[in-house]
Amino acid sequence: MSESPAVRELLAVATQRLGGSAEARAEAAILLAHVLGRTRSWLYAWPEFRPAAAAGARFAQLVEARRKGQPIAYLTGSRAFWSLQLAVSPAVLIPRPETELLVELALARLASDLPAEVADLGTGSGAIALALASERPAAHVLATDASADALAVARANAQDLGLANVDFAQGDWCGALAERRFDLIVSNPPYIEAADAHLGQGDLRFEPAAALASGADGLDAIRSIVAAAPRHLRPGAWLLLEHGWAQGPAVRELLLARGLAEVATAHDCGGQERVSFGRWLP
């Protein structure tokens, strides 16, 4: 069987193809580790290992795809979120670290040992729903999405993780909830302005547009959720919404106008307003 150059050489060439930076070297290592089914630490421990030629060719293909801008998560088919390793595809938004704040705030409102009904609207890969289900096994989580392809990814992730306290429903925002009521509703909806130039840059070019942009001011999905959510909230229940760094005042105004109480906004690790929430106290 023919062989490729050694790991050291493969990483050096790929790093240069990807721009020569420390970030480029890290990305090259992620891709090579994925192709070889090894860890990144293994690559550095065995720099003289020579993969089979087929593996080297596959690695070169992935490096070229990354050079053209395709996201690492789509190339490897997985992304870490919370304590979970999730499968991802171009059918779903790539989970972001800042969304873990939404999980933290939700968990703070769910008792660790008591039953609760939770809904995650626009679940995508299932990141939020599955993180909550894994941390609160006594809770039952309903994960919804308008996209059948996204729900298929989320279902597969739940099955792979062995999480049985999650169900799935297809529908647009609260339209998927039927007549049900919940103790907590969470959502990371699209919130980028439709004309935002960032949508044509970086990883965003490859992610589903419907999971990113929402109207001229980016608030169409949030307006829809806030308008309908109280009909699905039990007395004392919470609604938590992730949003853009400059949208906190607008989202708080929407929550207050709809009659929610204890409205506030939490900041992410970068100090930006990231999640706004309110409580239904009819």
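Predicted model: local features only at pLDDT ≥ 70, side-chain atom pairs only at ≥ 80, totals over all residues.
Me: Which sense does the pairing of β8 and β9 have, and over how many bridges?

Reply: Strand β8 (residues 261-267) pairs with β9 in the antiparallel sense over 5 bridges. Thr 265 stands opposite Ser 276 in β9. The hairpin of β8 and β9 has 5 residues between the strands, and Gly 271 takes a positive phi near 85°. Strands (E, at least two residues) and helices (H or I, at least four) are DSSP runs, numbered from the N terminus.

Me: Why is β9 called largely enclosed?

Reply: Buried means under 20% relative accessible area, exposed over 50%, and partly exposed in between (1.4 Å probe, protein chains only). In strand β9 (residues 273-279), 6 of the 7 residues are buried, so the rest of the structure largely encloses β9. Strand β6 (residues 182-187) gets that description too, because 5 of its 6 residues are buried.

Me: How do you know which strands β6 pairs with?

Reply: Strand β3 (residues 116-121) and β6 are joined by 4 bridges and run parallel. The bridge partner of Leu 121 in β6 is Ser 187. Strand β7 (residues 233-242) pairs with β6 in the parallel sense over 5 bridges. Phe 182 stands opposite Leu 233 in β7.

Me: What handedness does the crossover from β6 to β7 have?

Reply: The chain goes from β6 through helix α9 (residues 220-228) to β7, and this β-α-β crossover is right-handed. The label applies if, with the strands pointing away from the viewer, the path from the first strand over the helix to the second runs clockwise.

Me: How do you know that the length of α2 agrees with a helix?

Reply: The expected span is 1.5 Å times one less than the number of residues. For the 15 residues of α2 (residues 22-36) that should be 21 Å, and the end C-alpha atoms are 21 Å apart, which agrees. The buried residues of α2, among them Leu 31, Leu 32 and Leu 36, pack against α1 (7-17), α3 (40-45), α4 (53-67) and α5 (72-76). Gly 37, with a positive phi near 70°, follows α2.

Me: What makes a set of residues a nonpolar core, and how many residues has the largest?

Reply: A nonpolar core is a set of buried Ala, Val, Leu, Ile, Met, Phe, Trp, Tyr and Cys residues joined through side-chain atoms within 4.5 Å. The largest has 35 residues, and those with the most contacts inside it are Leu 132, Val 166, Leu 184 and Leu 240. Helix α7 (residues 127-135) gives the most to this core, with 7 residues. A second, separate core of 27 residues includes Ile 225 and Trp 280.

Me: Why is the pair of Asp 203 and Arg 66 called a salt bridge?

Reply: A salt bridge is a side-chain nitrogen of Lys or Arg within 4 Å of a carboxyl oxygen of Asp or Glu. The closest N and O atoms of Asp 203 and Arg 66 are 3.3 Å apart, so the pair qualifies. Asp 203 lies in the loop between β6 and α9 and Arg 66 in helix α4, 137 residues apart. The structure holds 13 salt bridges.

Me: Is Glu 207 buried or exposed?

Reply: Glu 207 counts as buried, because its relative accessibility is 5%. Its salt-bridge partner Arg 96, with closest N and O atoms 2.6 Å apart, is partly exposed at 22%.

Conventions:
Residues numbered from 1 in each chain as written. Heavy atoms only, no water. Contact = heavy atoms within 4.5 Å. Pairing = 2+ DSSP bridges.
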